[in-house]
Amino acid sequence: MTLCPYTRAVTAVTSDNPHADYLQMVPMQFQAPLQSWVAASPLAVREALNNPHLGVRPTGEPIPTFLLNTPAESIFGALVRMQDGEAHPQLKAAIRQALEDIDEILIQQIALTVAREIAPCLPNANQITRFNYALPVCVIASLLGVGADEWAELVDEVLDFSRCIAPGGNERQRDMGILAAGRLSARLENRRGPLWLSLQRACAMRDMGHQTVLSNAIGLMFQACESTAGLIGQALLMMRNHDGDAQVLIEKVLSDTPPIQNTRRFALRDTQVAGCTVLAGQCVLILLCAGDESFAFGDGVHRCPGANWAKIIARYGIQHLSVLGVDPQALNNFHWRVSQNARVPEFYL
Ligand code: HEM
């Protein structure tokens with residue numbers, strides 16, 4: 001069966017060899033029924049990610065309709081990831097500053113402490129899957145000031161919220177995500193951890209209020225969750241066939257099969273990408289490992305501010321699992337997380 005380029009691109013995310021699928025794609029291909037383009041060459045990807053007329057949300061729908069009048073509306077509406085235009089640079093500068101204010105040594109210490117807390121002894125395959133999702137969330141939570149007794153519930157809430165706003169979510173996932181959004185907001189009120197305080201300070205300096213701090217504190221946890229789980233999980237898979245320390249394997253995953261494989265943009269007005277005219281309202285699915293270049297952390301104004309954090313958390317997570325005696329050769333049972341953009345192995349017994 002011949003798949004249309006859009007379908008091929010989203011199914012490639014969790015195929016055995018995404019590159020084989022991507023290699024068959026032309027730089028910019030349009031699919032009329034979906035009014036959607038697929039940008040598949042490094043040039044097209046770079047141009048699309050740096051094009052100011054391509055926004056992160058469709059015009060006229062800054063917040064998905066199903067989130068309106070729910071506890072998730074105010075969170076979604078204030079997220080740096082979901083904004084364009086004049087407000088974005090200031091907000092982005094605040095998030096970047098808040099993350100950079102936290103000393104790298106402290107992130108390393110917390111990553112190790114959290115890893116020991118959530119995996120005190122040799123975990124089985126199911127527990128490794130949970131560890132991979134939980135570690136990034138709990139490192140950030142810990143630095144926001146959320147204590148270990150709340151982590152298990154918090155991880156479930158973050159997973160539910162990310163599932164709800166990810167492309168392709170169903171009605172049940174949406175309902176659960178909306179419930180989780182309300183719980184997350186209540187849970188994070190009045191925290192005093194160093195990351196919360198630096199986010200508060202960075203936002204206050206730019207006249208941004210409490211909702212921005214709260215929403216983006218939640219945003220940091222869900223941005224980190226699936227993506228860093230994909231990085232740890234794929235590095236563990238790679239350890240079956242490659243020598244090298246955690247850091248080398250992490251870089252290899254990021255350059256070969258980045259955990260976030262694509263992202264979307266929407267044309268705010270008619271514009272050009274790699275010589276093709278994208279009309280206002282059309283969507284562009286952007287492949288982040290196109291050709292021989294990887295855009296693992298994106299590019300342009302929405303580029304990931306958490307790259308350094310992700311690498312530290314993944315490195316300490318993998319090292320901890322190795323110290324516990326996890327044998328990657330035994331990790332043969334896994335499936336890919338059902339997703340249109342994240343490549344995350346889920347191990348099972
Ligand atoms: C391996 C792990 C990670 C990967 C592969 C990854 C990848 C990405 C990518 C590709 C984007 C850009 C999305 C787009 O342009 O549409 C992004 C944005 C973002 N990431 Fe990450 N990320 C990772 C970990 C993290 C961590 C640990 C944090 C927080 C500490 C984080 C925070 C963010 C935020 C806040 C944004 C939105 C930035 C903006 O829209 O201006 N990420 N990430």
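This is a predicted model: local features need pLDDT of at least 70, side-chain atom pairs count only at pLDDT 80 or more; totals for chains, interfaces and linings use all residues.
**Helices that cross**

Modeller: Helix H9 passes H11 in a right-handed crossing. Residues are numbered from 1 along each chain as its sequence is written, and side-chain values use heavy atoms, with hydrogens and water left out.

Colleague: How is H9 oriented to H11, and why?

Modeller: Their axes (lines fitted to C-alpha atoms over the stretch in contact, with angles from 0 to 180 degrees between N-to-C directions) come within 10 Å and cross at roughly 110°. That makes H9 roughly perpendicular to H11, a label for 65 to 115 degrees; under 35 is roughly parallel, over 145 roughly antiparallel and the rest oblique.

Colleague: Which residues of H9 and H11 meet there?

Modeller: From H9, Leu184, Ser185 and Leu188 meet Leu214, Ala217, Ile218 and Met221 of H11, contact being heavy atoms within 4.5 Å.

Colleague: Why is H5 called oblique to H11?

Modeller: The axes of H5 (residues 87–101) and H11 (residues 210–238) cross at roughly 60° and come within 12 Å. H5 and H11 are therefore oblique to each other.

Colleague: How do you know that the length of H9 agrees with its residue count?

Modeller: At 1.5 Å a residue, its 18 residues (171–188) should span 26 Å, and the end C-alpha atoms are 26 Å apart, so that agrees. The expected span is 1.5 Å times one less than the number of residues.

Conventions
Helices (H or I, at least four residues) and strands (E, at least two) are DSSP runs, numbered from the N terminus. A crossing is left-handed if the near helix is turned anticlockwise from the far one by less than a right angle, and right-handed if clockwise.
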